[in-house]
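Subject: Structure for your review

Dear colleague,

Please find the structure below, followed by a short account of what was found in it.

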Amino acid sequence: MIENFLHAAALVLTVKVMGALFFGVLVGYFVGAMPGLTSSIGMALLIPFTFGLEPIPAIVMLVSIYMASDYAGGIPAILVNAPGQPGSAVTAFDGYPMCNRGESGLALNLAIMASGAGAFISLLLLVVSAQVMASSALAFGPSEYFALAIIGLSLIGVLSAGSTLKAIIGLLFGLTVVTIGIDPIRGTERFVFHPYLIDGIPFLPALIGLFALSEVFVMIETANDRIDRVKHASSANHSLRTLMPYRRTVLRSSLIGYFIGVIPGAGASIASLVSYGVAKKLSRTGTSFGTGNPEGIVASEAANNASVSGALAPLLSLGIPGSASAAVLIGGLTIQGLQPGPLLFADNPEIPFSIFVGLLAGLPIMLLIGLFGARLWVQITRIPRPIIATVVASICMLGSYAAANDTFEMMVTATFGVIGYVLRRCDIHPAPIVLALVLGEMLEANLRRAMILANDNFLTVISHPITAGLILASILVLASPLFGRKPAAN
Amino acid sequence: MNSQDITLTRHIKHKQQVENLARTEKSLRLSGRIVDIIVCLALLTMGIWFVVEALHMPSGREALGPGTFPIIVGGALAFFSLLQLGLSISARRQWAAVEVQRPLWLMISMAMILAFPAAVERLGYYPVAVIWVPVFGWIAGIRSPVGLIAATLIVLALGKFVFEMLLSTPLP
């Protein structure tokens, strides 16, 4: 492991990769600070810019966008009560009241320090657990992968934002779309009503359409809405000591955030909400949560950022995205000719280890930019939405064209943008659809391979102990809404 | 009135014009139930279509042929859409209205996005972008000429310097 780390460090600590990392952090801060733009949108828009890059700078850049946007989401949440990221909504509960009391400097300091601490602790967990998971998964066959896809999809269905039934409909929509193109086992054409569809619906343009272009339509709709101006902004103070009284909360919230992040579909919003709830219950000053208690900010931000590493663990080791942003990252890896999963650690160990080193190297950069540039980043919320919408729409079209130098890709983006917007208005969110686009082929191909290996006996397929356990768990997950309240939605 | 006052008066007038425009733009209120029903019917049709098409696919010797998975997921999509449709029709609760703000601009922007690929294919990226970006910007809500010019220049520069020169992606 140390050898892999040293090798990855040598690859990452070069001008090119550090430049990509720095650029990724800047873009991440921009996206994170801008309400309406999420890490998944930022990454989807930036993927086309990675076409010309080598795999390591490309992946390091995408991961740093993911990480930095979660860092930055707390800044507008504290200063203007407009969370830059869904996961930072909980930060506003205590951050904004603190800001109104004139304590924005302390609130920003705590948010950024807690984010850094959460990211660091979760990174350590990621390094250990991803390797353990990957080495265990090396023994997995098609039946286990089929079961993994099933549990991933069932968790996404149950834990996604809004109505469970609508999340399941979104998943099924994605799974149905995935069947367009050549069948993965026999090569039969399916639903190819246009020659361009022979390779199926292209993933990246569909992703850009569902996440980014549908958001453009939302921006056009809400162009007249106004965001509050910063009232009492002061710079973050730069003392490390402010976090010390909350060290237990930081540790606990980081662990909660990491483990919730590992669960597909749960994501940063649930992580920060659960962590906030636990901190409120255990804190001596729990009754003052929601009125400007610094511990509330620490609990939310540490968990929020820890969930990023959590979502990377199943992605890197099993090829299953833990969040929508992780699903976008799969797109970035695939474009570089890399397949996430246990074989990534065996065949290309420099990739996961470069991600680890990149995250580690990015931490001080993110902290410094956060601490010294908080006021600058919040000015981003003043950029008029119509300008952002126009530029983002153009990048969407250019980016999707660059995916294959073909206007067909643009048509896919445009179509999925409209579909994504309409489905959003019906409370069917794009995240389950994108996750289904990723897991669909894995599900079908592995089920059919497993059936062939088991001489078409489904009972043999599900009699493998791990497969049986995972399928049983999936049934319990899917049945859980019938027996209790749905976990906190995003 | 000195030149500063004139500029200030112009600025205030322009701001008032923009605000008046924003105030007069009506929003479209649709019943949440109706939106649910329309979307569920569309998804139900899609699910059924996939099942019907998959039934005509050649089946091989193996138990799970090329059509099996589409039948399962298409069937499930149709089933759950039907279930949601039933729930939406039968629910007695008060439905929150779906409010579509700036509906006309939204529809035009969608049409422009859908038309963009065909226009680029026929006329080329730059001639289309020079017209498309400011028009789209206006529809998106940019009312200042500086904003429109800035947005157009940003998009043209992105195409030329980032995509063509940096990423070596020749634009049509």
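In what follows, axes are lines fitted to C-alpha atoms, for helices over the stretch in contact, and angles run from 0 to 180 degrees between N-to-C directions. Helices are DSSP runs (H or I, at least four residues), numbered from the N terminus.

This is a predicted model, in which local features need pLDDT of at least 70 and side-chain atom pairs count only at pLDDT 80 or more, while totals for chains, interfaces and linings use all residues. Residues are numbered from 1 along each chain as its sequence is written, chains are lettered from A and ligands numbered from 1 in the order in which they are written, and side-chain values use heavy atoms, with hydrogens and water left out.

In chain A, helix α17 (residues 385-404) and helix α18 (residues 407-425) have axes that come within 7 Å and cross at roughly 135 degrees. The two helices α17(A) and α18(A) are therefore oblique to each other (angles under 35 degrees count as roughly parallel, over 145 as roughly antiparallel, 65 to 115 as roughly perpendicular and the rest as oblique). Contact (heavy atoms within 4.5 Å) involves, among others, Cys396(A) and Tyr401(A) of α17(A) and Met410(A) of α18(A).

Cys426(A) is buried (under 20% relative accessible area, with exposed over 50% and partly exposed in between; 1.4 Å probe, protein chains only), at 2%. Cys40(B) also counts as buried, at 2% relative accessibility.

With kind regards
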